[in-house]
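Welcome! Let us walk through this structure together, going from the whole chain to a few of its parts.

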Amino acid sequence: MSDIDTHTEGGTGSADVDAVVIGAGFSGLYMLHRLRELGLSVRVFEKGDGVGGTWYWNRYPGARCDSESHIYCYSFAEELHEDWEWSERYPEQPEILAYLQFVADRLDLRRDIEFETEVTSATYDESSSTWTVETADGERVSTRFFITAVGCLSKPFRPDFDGLDDFEGEWYHTARWPDEEIDFGDDHVGVIGTGSTGIQFISEVGGRADHLTVFQRTPNYAVPARNRPLGDEEYADIRANYDDIWERARDSRLGMPFDWEQHTAFNLSDEEIEEVLEERWQQGGFRFLHAFEPGYILSNAEINETISEFIREKIREKVDDPETAEKLVPTDHPYGSKRPPMDYNDYYGTYNRDDVTLVDVDEAPIEAFTPDGIRTADDHYDLDTVVFATGFDAMTGALLAIDIEGRDGQTLEAKWEAGPRTYLGLGIHGFPNLFTITGPQSPSVLTNMPMAIEQHVEWIADCIAYMDEQGYDRIEATEDAETQWVQNTNMLAENMLFSEAKSWYRGANVPGKTQVFTPFPGGLDNYREICDRVAGDDYDGFELDRVDDAPTVEGR
Ligand code: N01
C-alpha cells in the first residue's frame, strides 16, 4: 500500500497529488524528475518490481536495443553521461536496465515510485477537474494531472492457438521472460515469429538447443548491426561531441544524428547507388536506413525497391540452400514499411546449421498445439519448448488495458473503437488533464525512442508550468484539432510506403483490431516544430480554463 494519504470520497476541492504517472521506464522516470523540478508532488505506479519498463520485461536471450547505445539514453543531464559508459555499440538488455537503475538512483527517483502496483482504472471528475486513479489492490489516489508512460510495445500479444493448454512442454513469451537462465541444451525448441525479437532470439539460441524449429509467417529484411565493443578513443570522441550529437539527433526525422550520403538518388547511376548501399551495409544498423534521406526511402517506391532487392540478394548470398533462402527473402512488403530488424549474430547463417529448421507457416499455417508439439497444415513438429516471439498489441494495448473514463462518462475504449484519436499524440478530446507520453499519432516508435520521450516529457512539463503560471486548472484538446491531427497523420501515412505492409504499426498483427496507421510518420524534427508552435501559440488546439472547485494539493 501507498504511504501517502488517499481519500475515498471521489472528492472535490482537494487532490492527493499534482500528478500520477503510470510506468517507470524511460518515460516515467524522466517525467517524475521534470515534475519534481517544478515543485509538484508526484506518484509513479509501476507494475514491475523495479524500474526499466520495456527493459525490465524483455529479458529474452539476445535482447538488445537496435538504436546505438550512445544515443539510446537521456540527453538532458550531462552528469549522466559523465558517470556512465556503454560497453558496446548496441546495448544489451541487462546494460540498459542497469543504466535506468543508475539514473533512478542518481536522481533519487525511487522514493516516489510504488512498485508491483498495477493501475486498473482512472476516472475524471468534471467539477473539480481531478482524476481518481485506482490500483489492483484497491488503493485510490486523486490527482490534478494523469500521465501515462506505459510504453508503445508493452502489452504482449500471443495468438490464441488451439491446444496450448494440453501442450506438455514449456512455453514462454519473449516479453514476459523469466528472470533466470533457461538451459535449452537437450531440448527441441520451437520459436513462432521472425520480427525484430524473433530474429535476435533465433540467432542467439540457434546452436544452443538440440534443435531449433523456426515458424515463420512473413520474412523480414534484417540488416547487419555490426555490433562491437566501444573503444576508449571512440568513447572519448563521443563525449567530446555530445552537444553536437544531441543537436543533430533532435533535429532529425528519426531522432538519430546520422548523415546520409545523398539526399536522394535522383542523379545517381545504378552503380553509384549500389556503391552507396554497399558502404552503408558495411556501416550497419540504422545507418543503412540513412543511405539516402529516410523519408525519401520510405516514400519513393523506385529507390525502395532497389534497396529491397539489394537486401534480398544479400540474403541469397548468405543462405546455402536456395529453397530456404527464397523462403527467407521478403517480397510482400517494401523495406522499412515494417520496423526494420537488425541482425547481430549471423541470423541468415543460422539457417545453414543442421540443427535449425525453417518452417513456412504462411504456406502451411499452424493449426494447433498438441501434447508434444505443434501441428501445421502439412506436418507435426515434436517440441519440448515453444517460444512466442509474436510481438505486442502495440500503441494502444497498454492504454486500453486501463479502464479510463473521461468527461461525461465516456470511456477511452469506446472513443477509440474505430482506432485511436488524439491531438499530437499528447492529448485526447473528452479526457482533460490526461497526457499520453509517446501516445498514438506521435512519432514514438518511428524514432530513437529516448529522443521522442524527452520531447514529450519536456512539452508536458512546460505545459503544466504554463497552466500553473496562468492559473489554469484544466486543459483539453478540442475536437476540431484532434480530427485534423488524425486526418493529417493518416494522410501522411497513406502517401508513404507504410500502407503497403501488414504491420503492427497499423494493428494488423492482432486479429480483430481496427487497422489504422498509428505513429506520426512526418518526422520527429517536423513534429517538434509543430508542438513548439502549438505551445508558443498559447496551446493552440487545446482549451484551457479555470474550474471553480479546483483542487488544492495537501502538503505542497
Ligand atoms: O514483434 P513483431 P517483435 N502465426 O510484431 C509473427 C521492437 N523491438 O516482438 O509478420 C505465426 O514485429 C509475426 O508474423 P507476421 C521493434 O520496434 C525493439 O519481433 O505478422 N506467426 C511476426 O513475425 C519491433 O518491431 C527492439 O506475419 C505469427 C512475429 O510473430 C517491435 O518491438 C528489439 C502469428 C511478431 O513480430 C515488435 O517486435 C526487439 C501467428 N498467428 C523488438 N502471430 C529494440 O531494439 C504473429 N506472428 C529496441
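Helices (H or I, at least four residues) and strands (E, at least two) are DSSP runs, numbered from the N terminus. By that count, the chain has 17 helices and 22 strands. Please keep in mind that this is a predicted model, in which local features need pLDDT of at least 70 and side-chain atom pairs count only at pLDDT 80 or more, while totals for chains, interfaces and linings use all residues. Residues are numbered from 1 along each chain as its sequence is written, and side-chain values use heavy atoms, with hydrogens and water left out.

Let us begin with the overall form. The C-alpha trace of the chain spans about 75 × 60 × 45 Å along its principal axes. The radius of gyration is taken over C-alpha atoms, and the globule rule is 2.2 Å times the number of residues to the power 0.38. For 556 residues, a compact globule would come out near 24 Å, and the chain agrees with its 24 Å. A residue is called buried under 20% relative accessible area, exposed over 50%, and partly exposed in between (1.4 Å probe, protein chains only). Buried residues account for 61% of the 556 in the chain. Contact means heavy atoms within 4.5 Å; of the contacts with a separation of 6 or more, 73% join residues 24 or more positions apart.

Now look for the open sheet of 5 strands, which runs in the order β8-β17-β9-β10-β13 with parallel pairing. Two strands pair if DSSP finds at least two bridges between them. At the edges stand β8 (170-173) and β13 (356-360), each with a single partner strand, so one side of each has no neighbour in the sheet. Axes are lines fitted to C-alpha atoms, for helices over the stretch in contact, and angles run from 0 to 180 degrees between N-to-C directions. Neighbouring strands here are turned by 20° against each other on average, direction ignored. Strand β10 (residues 211-216) pairs with β13 in the parallel sense over 5 bridges, and Thr 213 has Thr 357 in β13 as its bridge partner. Packed on the sheet is helix α5 (residues 196-205), which touches β9 (188-192), β10 and β17 (385-388), and its direction makes about 160° with that of β10.

Next comes helix α7 (residues 242-250), where Tyr 242, Ile 245, Trp 246 and Ala 249 are buried. They cover an arc of only 95° around the axis, which puts them on the same side of α7; the arc is that of the directions from the helix axis to the C-beta atoms. An α-helix has 3.6 residues a turn, so residues three or four places apart point the same way. On the other side of α7, Asp 243 and Glu 247 are exposed. The cover over its buried residues includes α3 (78-82), α6 (232-240) and α15 (449-470).

Finally, visit two loops. Asp 346 lies between β12 (342-343) and α12 (347-350), while Gln 441 is found between β19 (434-436) and α15. Asp 346 has a positive phi of about 55° although it is not a glycine, and Gln 441 has a positive phi near 70°. Are these residues buried or partly exposed? Asp 346 is partly exposed, with a relative accessible area of 45%, whereas Gln 441 is buried at 0%.
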